[in-house]
Amino acid sequence: MEEDASQSDKKLLENFSGSGKAIGVLTSGGDAQGMNAAVRAVVRMGIYAGSKVYFIHEGYQGMVDGGQHIVEAKWQDVSSILQVGGTVIGSARCKEFRTREGRKQAAYNLVTHGISNLCVIGGDGSLTGANLFREDWKGLLQELISDGKIDTGTAEKYNHLNIVGMVGSIDNDFCGTDMTIGTDSALHRIIEVVDAIMTTAQSHQRTFVLEVMGRHCGYLALVSALACGADWVFIPESPPGDGWEDQMCQKLSENRSQGTRVNIIIVAEGAIDRKGKAISSSIVKDNRARMKRLNIIIVSEGAIDCNNKPITSNLIKDLVVKRLGFDTRVTILGHVQRGGTPSAFDRILASRMGVEAVLALLEASVTTPACVVSLFGNQAIRVPLMECVQMTQEVQKAMDEKKFDEAVKLRGRSFENNLNIYKSLSHRKPDGEQPSSNFTVAVLNVGAPAAGMNAAVRSAVRTGISQGHKMLAVTDGFDGFIKGQIKEIKWGDVGGWVGQGGSLLGTKRTLPAKDAEAIAEQIRLRNINAIMLVGGFEAYLGLLELSTARTTYDEFCIPMVMVPATVSNNVPGSDFSIGADTALNAITDTCDRIKQSASGTKRRVFIIETMGGYCGYLASMSGLSAGADVAYIFEEKFDIRELQSNVEHLTGKMKTTVQRGLVLRNENCSENYTTDFIYQLYSEEGKGVFDCRKNVLGHMQQGGSPSPFDRNFGTKIAAKAMQWISRKLKETYREGRVFANSPDSACLLGMRRRTLVYQPVAELKDETDFQHRIPKEQWWLKLRPLMKILAKYKISYDVSDAGQMEHVPRLHTQDSQQSITI
């Protein structure tokens with residue numbers, strides 16, 4: 001919206017407008033989905049801030065070659081690249097840049113174009129090279145003066161090179177950031193393949209070994225194992241111990257004997273054992289004859305066993321075939337993991353990082369170290385580049401020295417958390433070793449279905465069983481609770497749930513207050529000691545009503561916790577809800593297809609209505625990920641003048657080179673400015689320039705298989721919630737019974753900025769707009785100006801929340817128990 005700039009906005013405009021700085025942007029090393037979104041954000045934010053931005057084609061090779069490889073980027077040059085995989089400006093290895101002579105030529109080419117600010121998108125090698133270039137810069141300019149190529153005035157004008165990096169790598173192997181650009185998209189490719197393999201494996205009762213990328217980092221293998229419920233995973237950071245062959249085969253056999261049709265083994269590309277003994281995929285194939293059901297094994301490209309010997313997918317295949325006789329197949333995913341369109345997460349991440357990189361360059365001074373824009377929780381921060389590189393090198397050093405526990409810790413809080421939760425959910429202790437708590441915990445879904453709910457229930461059930469609890473499943477939410485539709489649910493009952501969409505338990509919107517007595521009776525009859533709810537705003541209201549009913553019914557004086565799950569992402573107390581990422585991807589994919597449908601036709605504007613109730617999260621974030629021109633939401637009021645202004649803005653763009661426009665509208669953004677009204681307005685005002693089409697996406701946003709993010713978010717947050725229940729049960733067990741009536745015994749577990757927070761629901765009332773079923777404050781509203789800036793609106797932008805320089809060691813000492821980032 002075109003409003004008067006606040007004081008912080010005015011400061012931004014005064015500092016950056018017409019700054020005259022020139023920024024060079026390049027992509028280097030391997031490609032990753034989302035790099036183009038980052039390039040687009042750098043170009044458009046740079047132009048918005050008054051800078052010239054230059055493409056450096058073919059990475060460092062183009063910087064050394066100069067000439068046509070370094071060209072000024074115009075606004076329209078980055079149109080329609082947001083959804084394109086790879087990198088449109090090219091990437092290449094460059095031996096010349098490793099030499100001082102090559103770097104001197106690169107420096108000459110940059111100063112010739114007035115460039116002394118570089119945005120480098122690549123891996124640790126590319127970023128290390130950029131830092132070396134920065135350190136050599138002044139010496140290189142002095143040599144260019146001596147060679148007579150530049151004069152002292154030019155050297156003084158460009159006497160310092162500023163470097164800001166963004167990590168583009170599907171391996172997520174760079175310390176200092178929770179996620180690198182491309183990782184989430186690579187996980188999408190892996191999970192798409194796993195889901196497809198599962199259907200054929202179910203039919204033929206086969207074992208599958210999947211090898212994924214990750215020669216030196218097992219992140220893809222580990223997280224994909226969590227996301228598909230793999231039976232076994234091999235990663236370089238945590239090689240299997242002695243006797244792993246027997247343990248793996250025993251586990252596969254047990255799963256088959258229990259009726260499981262699907263078992264998965266994931267192997268990292270470079271897996272080895274702790275003593276250097278190789279594990280090859282051929283061992284797995286001959287084991288199939290004894291069993292009749294399905295196993296899938298996923299192998300990370302760099303997995304090792306305890307002896308530092310490579311563990312290959314063929315070795316595992318031969319092992320399974322020889323020991324178990326299972327009909328076994330190997331699938332090596334290879335570079336398909338780098339391909340395809342970027343996910344919504346990667347587009348938003350890259351766009352945020354690109355904008356932050358420009359701000360970092362424009363604020364940089366001679367004393368500012370080269371930095372990397374990183375993701376920590378849901379915040380973009382800046383971290384010294386060489387601290388990240390050194391930490392990344394320390395991981396490899398620890399692995400080389402066989403200090404594997406240290407390597408896992410050095411990978412960071414998120415990686416360690418993933419590994420611990422995977423182990424707890426995939427490996428059940430034998431009955432003789434299983435603890436017994438004598439506590440009974442009920443799990444139910446409440447509200448509308450959301451992708452990832454089943455992953456959360458599976459995680460809660462298995463975490464509860466591993467801690468000795470008796471787990472009860474309540475079908476159809478509070479309706480089922482009232483009717484006594486409650487039964488024990490065991491470890492094997494939730495097998496295969498992690499990838500299922502919707503709610504296998506069944507869910508309804510019924511609230512408990514009017515039937516509190518019937519629910520209390522069921523709690524008495526079944527001796528329920530704790531309750532876990534998985535759901536959206538109705539679950540939040542239901543938990544409030546149950547906690548209020550404690551004054552009347554002692555049965556509700558038990559630990560109760562809620563895990564947020566709704567596509568609307570409108571639950572107070574949590575920045576993210578299970579299911580919202582899947583819905584975002586559904587909207588983004590649909591927008592891509594809709595825009596593609598207009599390819600080659602006359603100019604066209606699409607009006608698209610999204611779900612979300614009164615919450616504009618889906619409209620806003622899908623607008624950012626799909627490259628929308630505007631998104632109308634309830635939280636930001638708009639009137640006919642703004643509608644007219646938006647039409648004029650689109651008309652102006654359409655008269656130049658733009659062929660397509662995208663307008664999103666949240667379903668309840670306005671009672672009067674309906675989707676039909678906006679469609680008719682745009683159609684009338686755009687006559688002679690563009691025509692319009694409208695689409696109401698409807699419940700397709702709630703359907704489909706959950707995204708990797710939602711599978712893992714649901715898995716991890718539910719495990720944390722069950723761990724909280726176990727602690728509370730021990731704390732509140734007195735004189736033979738559980739009694740908990742303090743506010744902190746009825747909590748919502750949500751992600752706030754960087755960590756998980758257990759918040760008493762009674763305290764969240766003040767943060768809630770109950771009439772419109774939304775939180776009073778929502779973090780993502782700060783990202784809305786980015787969408788308008790990237791759509792070429794002249795608006796103010798507040799940098800008060802811009803990333804600040806932080807340090808890697810401090811980030812890595814954060815409490816990993818409170819980490820939830822995938």
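This is a predicted model: local features need pLDDT of at least 70, side-chain atom pairs count only at pLDDT 80 or more; totals for chains, interfaces and linings use all residues.
Two residues are in contact when their heavy atoms lie within 4.5 Å.

Helix α19 spans residues 580-597 and helix α20 spans residues 617-626. The two pack with their axes 9 Å apart and at an angle of about 50 degrees, which makes α19 oblique to α20. The crossing of these two helices is right-handed. On the α19 side, the residues that meet α20 are A580, A583, L584, I587, T588, C591 and K595. Their counterparts in α20 are Y617, L618, M621, S622, S625 and A626. Sorted by class, the contact between α19 and α20 consists of 9 nonpolar, 3 polar and 1 charged residues.

Strand β19 covers residues 604-610. Of its 7 residues, 7 are buried, so the strand is largely enclosed by the rest of the structure. In a regular strand the side chains alternate between the two faces of the sheet. Both faces of β19 are covered. One side carries R604, F606, I608 and T610, and the other carries V605, I607 and E609; all of these are buried.

The pairing of β19 involves two further strands. Strand β21, residues 660-666, runs parallel to β19 and is joined to it by 7 bridges. Within this pair, V605 stands opposite G661 of β21. Strand β22, residues 691-696, also pairs with β19 in the parallel sense, over 6 bridges. Here F606 has R693 of β22 as its bridge partner.

Leaving aside residues up to four places away in sequence, T610 touches I587, L618, A619, S622, R665, N666, E667 and Q701. Among these neighbours, I587 is also one of the α19 residues that meet α20, while L618 and S622 are among the α20 residues in that helix contact.

Strand β4, residues 117-122, runs parallel to β5, and 6 bridges join the two. In this pair, N117 stands opposite N162 of β5. Strand β11, residues 371-376, pairs with β5 in the parallel sense over 3 bridges.

α2 passes α11 in a right-handed crossing. From α2, the contact includes A37, A38, A41, V42, M45 and G46. These meet R347, A350, S351, G354, V355, V358 and L359 in α11. By class, the contact of α2 with α11 has 9 nonpolar, 3 polar and 1 charged residues.

Technical notes: Residues are numbered from 1 along each chain as its sequence is written. Side-chain values use heavy atoms; hydrogens and water are left out. Buried means under 20% relative accessible area, exposed over 50%, partly exposed in between (1.4 Å probe, protein chains only). Helices (H or I, at least four residues) and strands (E, at least two) are DSSP runs, numbered from the N terminus. Two strands pair if DSSP finds at least two bridges between them. Axes are lines fitted to C-alpha atoms, for helices over the stretch in contact, and angles run from 0 to 180 degrees between N-to-C directions. Angles under 35 degrees count as roughly parallel, over 145 as roughly antiparallel, 65 to 115 as roughly perpendicular and the rest as oblique. A crossing is left-handed if the near helix is turned anticlockwise from the far one by less than a right angle, and right-handed if clockwise. Ala, Val, Leu, Ile, Met, Phe, Trp, Tyr, Cys and Pro count as nonpolar, Asp, Glu, Lys and Arg as charged, and the others, Gly among them, as polar.
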